[in-house]
Amino acid sequence: MILFHSPLSPFVRKVMVVLHETGQLERVTLQPVNISPVSGDEQLNHGNPIGKIPALRLDDGVVLHDSRVICEYLDSQHVGNPLLPREGSARWRRLTLASQADAIMDAAVGTRYETFLRPADKQWDDWVQAQSEKIRRSLANLEQEHLAELASGFDLAAIGVACALGYLDLRQPAFGWRERQPGLAAWYAEVSQRPSMLATNPAT
């Protein structure tokens, strides 16, 4: 399989962590791509017309895109414990928590585009502030409501949260989330030392 890959993307990192955690890294060839909201990649667009990363081209040529789709596919392809419950209410709770992690990444990536790529005279400060508030609300919710769930196992939801926090550290190091969420900070300090997280850390 071929994974269209950019190591700075938190969504790509999430897929890479899943590959490490499920022992499937050797099944995948990494295809580096360098894209932005205004420039794409012809190979990436083939079978993936929206031009999203990550994208996974399977052996039969079918292209999966969106990290949630790819991670669910990879979770169905290994023999170990599943990274998400297969059924029941626990599945929907974990999927919702995984979606919350993705929303943090979406807001953080959007902020990066707005503040780094857009000319200064065209930047929308109120929009950037709104994204920051979304992130802060989400992190506060993780601290108050979901620490026990996160600590219960390094599943797909926990992987997403860890990758979201890593991206905040990479792109917004002055965000100051650790001071506000010490429990989350302690959890992240532990899981960030997992081999899968160390191997995919874009800052190293």
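The legends below describe close-up views of a predicted model.

View 1. The size of an interface is often given as the accessible area lost when the parts come together. For domain 1 and domain 2 this buried area is about 1,800 Å², with 67% of it on carbon and sulfur atoms.

View 2. Four salt bridges are found across the interface of domain 1 and domain 2. In the salt bridge that Arg-68 forms with Asp-102, the closest N and O atoms are 3.1 Å apart.

View 3. Lys-14 lies in helix H1 and has a relative accessible area of 3%, so Lys-14 counts as buried, the cut-off being under 20%. Leaving out residues up to four places away in sequence, Lys-14 touches Ser-67, Arg-68, Cys-71, Asp-102, Met-105, Ile-159, Gly-160 and Cys-163. With one of these, Ser-67, the side chain of Lys-14 makes a side-chain polar contact of 3.0 Å. Although Lys-14 and Met-197 are 183 residues apart along the chain, their C-alpha atoms are separated by 9.3 Å.

**View 4. Arg-91 and its partner Glu-72.** Arg-91 is found in helix H4 (residues 89–117), and with a relative accessibility of 14% it counts as buried. The side chains of Arg-91 and Glu-72 are joined by a polar contact of 3.0 Å. When neighbours within four places in sequence are left aside, Arg-91 is in contact with Glu-72, Leu-84, Pro-85 and Arg-86.

**View 5. The largest nonpolar core.** In soluble globular proteins, nonpolar side chains tend to be buried together. The largest nonpolar core of this model has 56 residues, of which Leu-139, Leu-165, Trp-177, Leu-184 and Trp-187 touch the most other members. Helix H7 (residues 156–171) contributes the most to this core, with eleven residues, and the core draws at least three residues from each of domain 1 and domain 2. Trp-187, again without counting residues up to four places away in sequence, touches Leu-150, Ala-151, Ala-158, Val-161, Ala-162 and Leu-165.

View 6. Most residues other than glycine have a negative phi, and most peptide bonds are trans. The peptide bond from Ile-53 to Pro-54, however, is cis, with omega near 0 degrees, and Pro-54 lies in the loop between helix H2 (42–45) and strand S3 (55–57). Asp-66, a residue other than glycine, has a positive phi, near 85 degrees. The position of Asp-66 is in the loop between strand S4 (63–65) and H3, and its relative accessible area of 18% means that Asp-66 is buried.

Note on methods:
Residues numbered from 1 in each chain as written. Predicted model: local features only at pLDDT ≥ 70, side-chain atom pairs only at ≥ 80, totals over all residues. Heavy atoms only, no water. Core = buried A, V, L, I, M, F, W, Y, C linked by side-chain atoms within 4.5 Å. Buried < 20%, exposed > 50% of the residue type's maximum accessible area, 1.4 Å probe, protein only. Helix = DSSP H or I, 4+ residues; strand = E, 2+ residues; numbered from the N terminus. Domains from an automatic or database assignment. Contact = heavy atoms within 4.5 Å. Buried area = accessible area lost by both parts, 1.4 Å probe. Salt bridge = Lys/Arg side-chain N within 4 Å of Asp/Glu carboxyl O. Polar contact = N/O pair within 3.5 Å; in protein donor to acceptor, adjacent residues only side chain to side chain.
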